[in-house]
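Have the sequence and the coordinates open.

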Amino acid sequence: MEGSTAVRINVRGIVQGVGFRPFVYTLAMRNHLTGWVRNTSAGVEIEINGQPIEINSFYSDLKTNFPPLARIDHIDIHPIQTAPYPKFEILESQPNADDFIPVSPDRSICPDCQKELFDPANRRYRYPFINCTNCGPRFSIIKDIPYDRPKTTMANFPMCSQCQAEYDNPLDRRFHAQPTACPDCGPQIWFQVGSQSIAYREEALQTARHWLKQGKILAIKGLGGYHLACDASNPEAVIELRRRKKRSDKAFALMAFDLEAVKTHCHASAAEQAALLSNERPIVLLERRKGSRLAPEIAPGQKTLGFMLPYTPLHLLLLQPESGFPDALVMTSANLSEEPIAYQDEDAQQRLTPLADAFLMHNRPIHMRVDDSVIRINSGQRHIIRRARGFAPDPLRLPLEIESVLATGAELKNTFCLTRSNYAFLSHFIGDLENYETLQSFEEGIRHYERLFRITPQIIACDLHPNYLASRYARSRAQSENIPLVEVQHHHAHLAACLADNHRTVSNGDVIGVCLDGTGFGTDSAIWGGEFLTGGYRAYRRRLHLKYVPLPGGDAASRRPARMALAHLRAADIAWDLDLPPVQDLCAEERIALDSQLKLNINTLPTSSMGRLFDAASSLCGIRHTNTYEGQASIELEACVDPHETGFYPFDMQDDLIDPSPMWQALIENYRNRTPIPTLSARFHNSVAHMVVDSCKKIHQETGLKTVALSGGVWQNIYLFNHVQKWLASEGFNVLTHQETPTNDGCIALGQALIAAYSRMDLA
Ligand code: ZN
Ligand code: ZN
Ligand code: FE
């Protein structure tokens with residue numbers, strides 16, 4: 001061919017299982033190019049031959065018009081010498097044992113599949129497992145890489161000839177769509193009561209809908225686990241679900257068929273609507289509409305509801321609008337309070353039989369359990385609260401290459417993190433590592449990620465805490481495999497996670513870290529949580545913190561804000577007068593016991609926890625004296641804040657201590673002269689915001705640092721977050737906040753990984 005030339009192109013990123021090769025094929029055809037494309041375990045390789053102008057047009061389309069689920073992290077192009085190819089073809093995969101490629105998260109059903117699902121002329125009409133290269137299950141069904149059908153839980157479903165023809169056709173939307181299936185060859189649903197299956201396929205679906213309409217509670221097998229579902233407008237059903245789940249107050253997630261249905265119950269800004277419709281299909285926390293008919297028991301004491309849209313064809317069919325059918329369902333993770341979401345069929349049936357009236361089942365196995373993700377949109381900015389389905393296992397890109405680290409994370413809201421070169425695979429949300437089931441899914445998860453991404457940790461990082469299950473796992477593995485172990489202080493990990501999330505390197509310099517949360521083990525064995533640090537990945541200094549108060553009864557104190565309030569009053573030398581709400585909440589015996597406990601220092605630990613300061617304030621305002629879930633007292637305190645109130649209470653700052661005693665005095669005075677609770681709540685919040693800003697100014701004066709990183713669960717408080725962010729900015733501070741990771745303990749593993757990697761670099 002006259003003037004023809006040849007190039008080789010390497011692409012890395014999420015380029016497998018997302019329709020990338022058919023896209024390349026079509027592009028090559030359009031530009032009259034010959035050559036080949038193939039998957040490798042590192043990505044995709046292409047060689048093409050043709051006119052330079054057409055190669056250029058091919059290359060520029062390749063970089064910009066790639067399929068919706070693909071992500072290109074790296075691309076390079078080199079001229080090569082080769083004899084012209086006769087045609088363009090897709091070659092077999094070339095796995096290389098040591099390479100790795102990112103695995104796509106599970107993807108919500110695409111518009112094309114949704115159209116086919118409701119098209120009576122389509123052969124997949126109303127088939128609950130319709131998918132294509134642009135959508136469907138990925139991470140939850142993949143057992144190993146390279147991503148091919150035999151390495152997924154679809155291995156046991158041989159394709160029928162029609163599905164196979166689509167699978168083999170480079171111009172078909174289902175070309176190499178590994179989970180593709182149809183009613184003739186794929187998974188099916190059935191409806192089961194006890195151990196008896198009573199309906200199959202469409203009839204199973206209709207039976208499930210009928211039972212839901214009747215106010216029954218169903219266990220529904222989904223994408224990454226089971227849900228418990230019931231009619232969200234039926235208070236008896238919701239109350240019964242709470243009773244069975246042993247979950248008294250924590251909000252239930254909801255699912256509605258479409259945006260219209262969501263908008264009848266909640267306000268949703270353009271950004272919130274986009275988030276609901278986004279590919280990740282997370283649960284989005286939305287402000288509840290006053291007139292919503294949904295049962296108030298769904299989210300007691302809260303102004304928000306957590307809604308998600310259907311993300312699988314099964315969910316769409318289940319929620320299809322029809323007169324008399326609920327327009328919103330409770331869809332809560334199917335577990336007993338505190339246990340991880342159920343995902344294995346036998347285990348689920350055993351654990352869920354007491355919880356559900358019946359089961360809507362299917363026979364596509366779930367390999368990895370993944371919970372629904374939770375986000376919140378705050379003035380256009382996305383806050384990730386739980387990073388799981390749709391996000392994991394997308395790696396975060398680190399600002400530099402580091403050794404492979406396994407970081408085992410925190411105790412609550414656990415995630416772990418594995419790193420490889422400049423990728424950090426922050427795991428999906430695992431849960432609270434307080435019981436055997438969660439520990440098991442933590443250990444399984446680590447093994448799975450190590451295999452999937454071909455990672456052999458060179459360093460193990462964990463929390464300092466002597467008893468955290470995750471830290472014990474880390475210590476025993478480090479010992480048995482002879483891998484160096486780095487123990488990281490919890491709030492230092494928060495600081496480092498926020499830095500990594502903002503792609504900061506050591507050369508960007510130290511920052512002020514305002515790490516506010518409920519609990520983290522300190523280097524002095526106290527419980528830290530109101531921490532103002534300076535430093536970076538390599539080291540930190542504790543500059544200021546909340547003055548210690550005794551935490552009565554250790555961790556149990558976090559369940560009893562009233563006890564915490566009395567501990568704070570005692571530390572502030574304020575009498576336990578009977579008119580104060582927390583004093584009233586505790587009976588005389590409890591107060592006597594608490595009194596001697598505090599006097600004699602029995603079973604108390606000193607704490608600087610900001611979370612416990614919020615608990616104490618909530619109880620003193622008369623809002624909540626007992627937490628039935630983590631953070632409840634402060635969530636309800638924030639829910640009643642008067643947004644127009646600007647007053648605040650005084651506090652003392654001396655040397656490295658912030659003493660809230662004057663604040664309690666003033667708050668109690670306000671309480672006694674019948675200041676409305678929303679005003680009390682706002683003044684308390686404003687006081688904490690002032691504490692933060694004053695502390696940052698003080699540290700700035702001492703160190704010259706002008707960048708502040710905010711991390712820790714307390715920053716999920718939007719009122720506090722917004723005030724502090726605004727005030728710090730107006731004082732000229734550069735404020736770093738979490739972007740791709742949660743500000744709560746879901747970020748800890750990432751911070752641990754970076755700190756551990758840097759500590760080893762310094763030794764080298
Ligand atoms: Zn699709
Ligand atoms: Zn088929
Ligand atoms: Fe924390």
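Which residue is the bridge partner of Ala256 in β14? The partner is Ala328.

Some ground rules come before the tour. This is a predicted model, in which local features need pLDDT of at least 70, side-chain atom pairs count only at pLDDT 80 or more, and totals for chains, interfaces and linings use all residues. Residues are numbered from 1 along each chain as its sequence is written, chains are lettered from A and ligands numbered from 1 in the order in which they are written, and side-chain values use heavy atoms, with hydrogens and water left out.

Stay with β14, which spans residues 328-333. Helices (H or I, at least four residues) and strands (E, at least two) are DSSP runs, numbered from the N terminus. Six of the six residues of β14 are buried, so the strand is largely enclosed by the rest of the structure. Buried means under 20% relative accessible area; exposed is over 50%, and partly exposed lies in between (1.4 Å probe, protein chains only). Strand β10 (residues 253-256) runs antiparallel to β14, joined by three bridges. Strand β9 (residues 226-231) also pairs with β14 in the antiparallel sense, over five bridges. Pairing requires at least two bridges found by DSSP between two strands.

Now the iron ion (ligand 3). His490 (NE2), His494 (NE2), Asp517 (OD) and Asp745 (OD) coordinate the ion at 2.0 to 2.2 Å. Donors are N, O and S atoms within 2.8 Å of the metal (3.2 Å for Na, K and Ca); water is not among the atoms, so sites may look incomplete. The four donor atoms subtend angles of 90 to 167°, which makes the arrangement irregular. Along the chain the spacing is H-x3-H-x22-D-x227-D. Asp517 in strand β23 (residues 511-521) and Asp745 in the loop between β31 (734-736) and α22 (748-763) link distant parts of the chain, 228 residues apart. Asp517 and Asp745 are both buried.

The zinc ion (ligand 1) has Cys110, Cys113, Cys132 and Cys135 as donors, each through SG, at 2.2 to 2.4 Å. Their spacing is C-x2-C-x18-C-x2-C. Angles of 104 to 120° make this site tetrahedral, a label for four donors with all angles between 85 and 135 degrees.

Disulfides, pairs of cysteine sulfur atoms within 2.5 Å, number zero in the whole structure. Cys417 has its closest cysteine sulfur in Cys747, 11 Å away and too far for a bond.

Definitions and conventions
Tetrahedral: all angles 85-135°; square planar, octahedral: opposite > 155°, others 65-115°.
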